Amino acid sequence: MGSSLSKSKAANTLRQSLFARHSSTTAAAATTAAPAKPAQTDDSVKRAEKKRGTFTAAIDQGTTSSRFLIFDGSGMPKASHQVEFEQLYPHSGWIEHDPYELLKSVNLCIERAAEQFQEQGYCLEDIKAIGITNQRETTIVWDTETGHPLHNAIVWPDTRTSRLVHELRKREGADKLPELCGLPLSTYPSSVKLLWMLRHVPAVTAAHKAGRLSFGTVDTWLLYNLTGGVGKGRYVTDPSNASRTMFCNIRTLEYDNFLLDWFGVRGVNLPEIVPSSDPDAYGVLAEGALKGTRIAGCLGDQSAALVGQCAFSPGMAKNTYGTGCFLLYNTGYEPVISKNGLLTTVGYAFKGQKPVYALEETDVAPTDTTGSIAVAGSAVKFLRDNLGIIKHSHEIGELASDVQDSGGVVFVTAFSGLFAPYWIDDALGTIFGMTQFTTKSHIARATIEAICFQTRAILDAMERDSGTALHALCVDGGMSNSDVCMQIQADILGLEIDRPQMRETTALGAAIAAGFAMDVWKEFDELKGINRNDRSTFWPKTTEASREKLYANWKRAVERSKGWLNNDRVDDDGE
């Protein structure tokens, strides 16, 4: 793939390859369709009756894997299945997914989790609704008439559009964009990914000219196919995903004519924007073990985590330590346009209720050929895969605990720039303060501190924008599993850290959205008991003076990380 995609022959080869995979996937699905249910004996009927209840489920389609989880009424998962899929790196900084592999992984997860659920004596008909949560901004385009993708999905941290973004920032009207859509120009949003494909992929250009180019984020692609595909499938998205495209007006939650014209995407078919929780908008599963089960909720992954943490009141926030470090702060019913480099996004928009907005921090720095290096889980992977300091990601907390502090080492994990609240494009990863005394334990601790310092920078910016300080931070995601990491976070913030025992909050949020649509819950107060058991609280153990000294040192290191990236060294746009 890569720059060769600009040639018609390579584009045709790609489509043929995708079609072949789709055909084999369809055939496989046909041969592995859910078997007929065996006749139940008296004992099995009694066992099933004992386990009757009300359940909701969630498709969680992430950056590296897909999952399907089935939750009981208390928010505890009763069955789940996870499937990883291939990450494609055609060039340095480019990250792609095969759209059919995403769909195949989701279908497989649904089937396997449904089997688990039945094997435990539960009844599939007790699953009242399914929600979808997904990696945001990742962009997929397909032929409206055939339903076939015209290019691999361009994944959210892909940086091939960096030169294009620099070009767009100079265009008249660029300064109006954040006020209209809540987002500054960067390589993240779907808009620049679509524009890149319109410029560089002949098949996409041709489909656009012919009026048969369909655009969607991952939620739209999955919904379209899961509910029947060409001629039958629902072609929709929700506000939390639409607000990440830069095509949606942040206040009206409708496509904005100025934005569509500014990006030059008139004539592209766009999905209908519907509420995040709605009993009718998303349709039903067209096939498989859960055929006929209603899809009733849809949320982008970080918005889903906000809902899953039950952060329904202004001033509540959550931080997810995953592929990136994602912090959302509930600002209530009015969008707050940040003056401190943050993103304004939709938290959730349930049918019949006012939309709830959030300020967001997204700290991710895409790397070269190893995928996305961030200030969270992927920074830890850098220590594991690139430096060999640890063998397994979970070892970082144990290694960091071998020392009392970082020994003066500061690691600015800006592998290809720093995002919110800094937005420094020309920064690169830098390590300061190393001496002969420095050990791998100090570097491990400095890596954790980098995550925590950037979280503090975001919270400081959110406080300035909103005028309200946080009193506690709800956390989830891979790194939150480490007590050492969470204690360091509490010490750097001077803030209480609240961690649930069941940390699948992203999937839980999608299930909650679906449950609300189907009256499993009718009021937010009914969720007070959801996922409240065995939560852990981490209190700061440091003094204010020591916190401020460490933070000042971090800010000094950030300043010195600037200016290392030469934007002309890589021809990102393939021109």
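Strand β12 (residues 317-321) runs parallel to β19, and three bridges join the two; strands here are DSSP E runs of at least two residues, helices are H or I runs of at least four, both numbered from the N terminus, and two strands pair if DSSP finds at least two bridges between them. The model is predicted, so to speak of local features takes pLDDT of at least 70 and side-chain atom pairs count only at pLDDT 80 or more, while totals for chains, interfaces and linings use all residues. Residues are numbered from 1 along each chain as its sequence is written, and side-chain values use heavy atoms, with hydrogens and water left out.

Within this pairing, N319 has V475 of β19 as its bridge partner. Three bridges also join β19 to the parallel strand β20 (residues 496-499), with C474 opposite D498. From β19 the chain passes through helix α15 (residues 483-493) to β20 in a right-handed β-α-β crossover (clockwise from the first strand over the helix to the second, with the strands pointing away from the viewer). Four of the five residues of β19 (residues 472-476) are buried, so the rest of the structure largely encloses this strand; buried means under 20% relative accessible area, with a 1.4 Å probe and protein chains only.

As for nonpolar cores (buried Ala, Val, Leu, Ile, Met, Phe, Trp, Tyr and Cys residues joined through side-chain atoms within 4.5 Å), the largest has 54 residues, and Y321, L383, I448, M462, L473, I497 and W554 touch the most other members. Helix α14 (residues 440-466) is its top contributor, giving 13 residues. Another core, of 39 residues, lies apart from it and includes W221 and Y282.

Terms used
Buried means under 20% relative accessible area, exposed over 50%, partly exposed in between (1.4 Å probe, protein chains only).
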